[in-house]
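Student: Could we look at this structure together, step by step? I would like to learn how to read it.

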Amino acid sequence: MKDEQYSCFGFSVDDGIAHVRLNRPALHNRFDRELHSEFPAVLEQMARNEHIRACIISAEGRSFSAGGDLTLILEGNASSAVRERLTTE
């Protein structure tokens, strides 16, 4: 069963199992502003579906995820302690 469409995620439910796929392989599925803003909607969609008993999270491409987008942190979208640690080490 297909549900809502997302630009950063693939999402489907089959036999009570949700499958969430990070779907930005060209960016190594990094958690940038767009992916970060869609993730709560994916979680909310799963929470609303009483038939989901489990969730599998996978990713398209060669890597699961590069992690957080450091440019967001350096641009000031993280706490000053995190920014200071990243720029001084």
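This is a predicted model: local features need pLDDT of at least 70, side-chain atom pairs count only at pLDDT 80 or more; totals for chains, interfaces and linings use all residues.

Tutor: Residues are numbered from 1 along each chain as its sequence is written, and side-chain values use heavy atoms, with hydrogens and water left out.

Student: In what order do the three strands of the open sheet stand?

Tutor: Strands here are DSSP runs of E with at least two residues, helices are runs of H or I with at least four, and both are numbered from the N terminus. Two strands pair if DSSP finds at least two bridges between them. The pairing in this open sheet is mixed, and the order is β1-β2-β3.

Student: Why is one side of β1 and of β3 left without a neighbour in the sheet?

Tutor: Look at β1 (9-14) and β3 (54-59).

Student: What angle does the direction of helix α1 make with that of β1?

Tutor: Helix α1 (residues 33-48) packs on the sheet and touches β1, β2 and β3, where contact means heavy atoms within 4.5 Å. Axes are lines fitted to C-alpha atoms, for helices over the stretch in contact, and angles between N-to-C directions run from 0 to 180 degrees. For α1 and β1 the angle is about 10°.

Student: How are the rings of phenylalanine 9 and phenylalanine 39 arranged?

Tutor: Rings of Phe, Tyr and Trp (its six-membered ring) pair if their centres lie within 6.5 Å; planes under 30 degrees apart count as stacked, over 60 as edge-to-face and the rest as tilted. These two rings are 5.6 Å apart centre to centre, with 20° between the planes. The pair joins β1 to α1, across 30 residues. The arrangement is stacked.

Student: Is phenylalanine 9 buried or exposed?

Tutor: Buried means under 20% relative accessible area, exposed over 50%, and partly exposed in between (1.4 Å probe, protein chains only). Phenylalanine 39 has 25%, so it counts as partly exposed. Phenylalanine 9 has 2% relative accessibility, so the word for it is buried.
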